[in-house]
Amino acid sequence: MVSILLVHHSPSQATSEIAEAALSGLRMQELGPVDVTIRPALEATVDDVLAADGIVLGTTANFGYISGALKHFFDTTYDAVREPTAGRPFSYWIHGGFDTTGAETAMKQITTGLGWKLAFDPLIVTGTVADEHLSSATELAATVAATAAS
């Protein structure tokens with residue numbers, strides 16, 4: 001059975017909707033059994049990352065950067081997981097009101113440093129979350145799980 005870690009910071013209704021859409025992608029029957037671990041970014045641990053075959057991340061863009069909660073996740077896990085998880089499939093979403101450029105750059109730099117392999121193009125949403133964004137979040141998460149299982 002494939003194990004997927006969903007780490008997110010979803011303080012608003014919009015970001016909660018994206019997280020729920022991603023979760024529905026991880027629970028698609030077509031994937032077969034998937035062991036899903038869901039952690040708010042401030043609660044995710046090194047052990048959670050090490051146990052995962054794939055990772056789905058979600059964050060708000062705050063002041064042009066990733067959320068402090070997701071930054072804390074990376075700060076507290078990075079050194080311990082960098083080598084053992086290199087090559088694991090992942091993807092992520094970012095939701096911001098106006099500008100997500102700094103958050104996008106941070107996610108690329110951090111995950112490149114970790115050596116994780118992007119399984120699906122990131123979902124970048126500014127402003128209102130629409131149905132097509134939710135569909136994309138579902139597909140993003142399902143693709144990470146399918147990639148991890150193959």
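Which residues in helix 3 meet which residues in helix 4? I looked, keeping in mind that this is a predicted model. On the helix 3 side I found Leu70, Phe74, Tyr78 and Val81, and in helix 4 they meet Met107, Ile110, Gly113 and Leu114. Sorted by class, this contact has seven nonpolar residues, one polar and no charged ones.

Next I checked how the two helices lie. The axes of helix 3 (residues 68-81) and helix 4 come within 11 Å and cross at roughly 20 degrees. Angles under 35 degrees count as roughly parallel, so I noted helix 3 and helix 4 as roughly parallel to each other. The crossing is left-handed.

Then I turned to helix 1 (residues 13-26) and helix 5 (residues 131-149), whose axes come within 7 Å and cross at roughly 40 degrees. I therefore wrote this pair down as oblique. Helix 1 passes helix 5 in a right-handed crossing. Helix 1 brings Glu17, Ile18, Ala21, Ala22, Ser24, Gly25 and Leu26 to the meeting, and helix 5 brings Leu134, Ala137, Thr138, Ala141, Ala142 and Ala145. By class I noted nine nonpolar, three polar and one charged residues in this contact.

My last stop was Thr100, in the loop between strand 5 (89-96) and helix 4 (101-114). Is Thr100 buried or exposed? Thr100 has a relative accessible area of 4%, so I marked it as buried. Its side chain makes a polar contact with the side chain of Glu104, at 2.6 Å. Setting aside neighbours within four places in sequence, I found Thr100 in contact with Ala61, Ile94, Ile124, Val125 and Thr126.

Terms used:
Residues are numbered from 1 along each chain as its sequence is written. This is a predicted model: local features need pLDDT of at least 70, side-chain atom pairs count only at pLDDT 80 or more; totals for chains, interfaces and linings use all residues. Side-chain values use heavy atoms; hydrogens and water are left out. Axes are lines fitted to C-alpha atoms, for helices over the stretch in contact, and angles run from 0 to 180 degrees between N-to-C directions. Helices (H or I, at least four residues) and strands (E, at least two) are DSSP runs, numbered from the N terminus. Angles under 35 degrees count as roughly parallel, over 145 as roughly antiparallel, 65 to 115 as roughly perpendicular and the rest as oblique. A crossing is left-handed if the near helix is turned anticlockwise from the far one by less than a right angle, and right-handed if clockwise. Contact means heavy atoms within 4.5 Å. Ala, Val, Leu, Ile, Met, Phe, Trp, Tyr, Cys and Pro count as nonpolar, Asp, Glu, Lys and Arg as charged, and the others, Gly among them, as polar. Buried means under 20% relative accessible area, exposed over 50%, partly exposed in between (1.4 Å probe, protein chains only). A polar contact is a pair of N or O atoms within 3.5 Å; within protein, one must be able to donate a hydrogen and the other to accept it, and residues adjacent in sequence count only if both atoms are side-chain atoms.
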